[in-house]
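Hello,

Here is the structure I promised to pass on. My notes on the aromatic rings follow below it.

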Amino acid sequence: MECTERYKLGIETFVHELRDHIAFTKLSPHRQPLVERFEVYDESTSVLHNDCLYLCLDEALPPCKHVQPGTCIISCDKERICGDASCTRCNLVALSDMAPKALINAITALFDRYGQASRELELHCGSDADLPRFLNTAQQVLGMPVAVMDEKLDVVMTSDCKELFANPLWETIVRDRKTQRSELLDNQNGKIYQLHGEDDPALDDEAHAHVHTFADYESASCNIHMHIVPTATLWAFQTKPYQSFEAHELQFLSWMASCLDRWALATKLLHPSRGNKRERYLIDLLRGDFASDEGYAQAAGRGVGVAAVEGPEYQLMALKPSVPTRPERMIKALEDLEAAIPGCTGVLREIGIVALMPVAEGQYLSNKQQQEVRKLCQRQNLYALLSSPYKRLTDTTAVLKQIQDCFAFIDVRANPCGLYHYYNYMLKQSMHLVMENQPVETMLHPMIRTLISYDHQCHTDYLETFKIYLNNRCNVTETAKQLHMHRNTLLHRIKRIEELLGSTFDDWTLRRMLLLSFDYLYLDDDRDI
């Protein structure tokens, strides 16, 4: 994904940068942010174009009839330009105390700064790794912190936030405080006020930013789209009270958001959302924001109308597509899921869906509801994994990890789309958790290690025979059938194993420990544990 359009400076940018030296300004109703170069005007210039800024360093001024509408002209001669009050086609700026050389240097530096920013903000590949560079460059040009948030105001990423800023909105983003973030969400949904009035047609091509006021500070936001649907927001934060955004700052912010419009299609960080408060709550619950405060979690859920929090127990379901799927299809699948299961609340998360649902105490979803989920999965090419019931809402984060881990155990090549249950993968998932912190050899019974060593030295396969023998509850006939081995041959082999290990295997406790060792030994193999 490549963004090749450079940011073009508008007259407001020059007025802001030269504000300490301006004696007179007259702006044309035709003004547009189209300037991408500058020239020093002299009398040999025949036609002036509105994509160029003209610097008049002596008494020469261009005749109005040769000027395209919206052309920008800056002059060091205050008296000369002030006398030409009849021109309405061009943007006129007169300076009072700035030498020609200083003006040229200032304009050159301005074009260099924004030109360099445009080059740095070009997104050639659209990878997630581009975003930190993008935001840091944006902060350098704007002189204020910026952030990308999704439609629920979850923070995707911020510019450099090592220091604390005074703006309470920015501290909300850096620290992710739920209470202040909720106020920010309300402000955004309320659209406090727009940058420009809708009744001014001359400003239709200006920046499409929204400005928000919070505790005497201003923040500005621009939508980032995916397939024309707003999916995230680019925010900028003023760090001084009562400081307003300049028009050129909002134009630049809007341009950056348009760059991210094209970039959002290629990245995995931004996701579309229905943006309702129930989803906002579920995201907080999944992330563990309620810690161990069960009462708070239940009250917050009731406050936004999440029926699932009434329980008395809960189940969590995760759904993932088997093939690349458009976001709109996942939203439709989520709506169908909520319609099939009363009280269910779901949210789009990463590439799939996570849904919370209430169940009766000690019960699972009904067979009818599970059948509806299976049909949905087959229709939408989804794999669904249903957790076991649990009693505390604040355990939702741990339960989500359980079912996310188990997705890795579903062989999508051999298993069709449908509904799968955590209890079928519970042992394997819990063993993987143990093995994350312990070496596998420490989990093996000494008898198992003895057989491994003997097989290695004598080139036998006693270990495999012993495993199948234990799995068949030491039944010689069934073991012989499974191994395609004569019964007498098997009896001789078992007698030899008993001699090597110095034990018979009548004790069930011993057999259970040995089978558990086999489970750890073959944990990452394709064979059954």
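Rings of Phe, Tyr and Trp (its six-membered ring) are taken as a pair if their centres lie within 6.5 Å; planes under 30 degrees apart count as stacked, over 60 as edge-to-face and the rest as tilted. By this rule there are 13 aromatic pairs.

One of them is Tyr314 with Tyr390, a tilted pair with 5.8 Å centre to centre and 50° between the planes. The two residues are 76 apart in the chain: Tyr314 is in strand β12 (residues 313-321), and Tyr390 is in the loop between β15 (382-386) and α12 (396-407). Helices (H or I, at least four residues) and strands (E, at least two) are DSSP runs, numbered from the N terminus. Both Tyr314 and Tyr390 are buried (under 20% relative accessible area; exposed is over 50%, partly exposed in between; 1.4 Å probe, protein chains only).

Tyr364 and Tyr423 make an edge-to-face pair, 6.0 Å centre to centre with 80° between the planes. Tyr364 belongs to the loop between β14 (352-359) and α11 (367-380) and Tyr423 to the loop between β16 (418-421) and α13 (426-435), so this pair ties together parts 59 residues apart in sequence. Tyr364 is partly exposed, at 32% relative accessible area, and Tyr423 is partly exposed at 40%.

Elsewhere, Phe14, Phe38 and Phe111 are linked into a cluster by ring pairs. Lys320 lies over the face of Phe407, 4.7 Å from the ring centre (the rule: NZ of Lys or CZ of Arg within 6 Å of the ring centre and within 35 degrees of the ring normal).

This is a predicted model: local features need pLDDT of at least 70, side-chain atom pairs count only at pLDDT 80 or more, and totals for chains, interfaces and linings use all residues. Residues are numbered from 1 along each chain as its sequence is written, and side-chain values use heavy atoms, with hydrogens and water left out.

Regards
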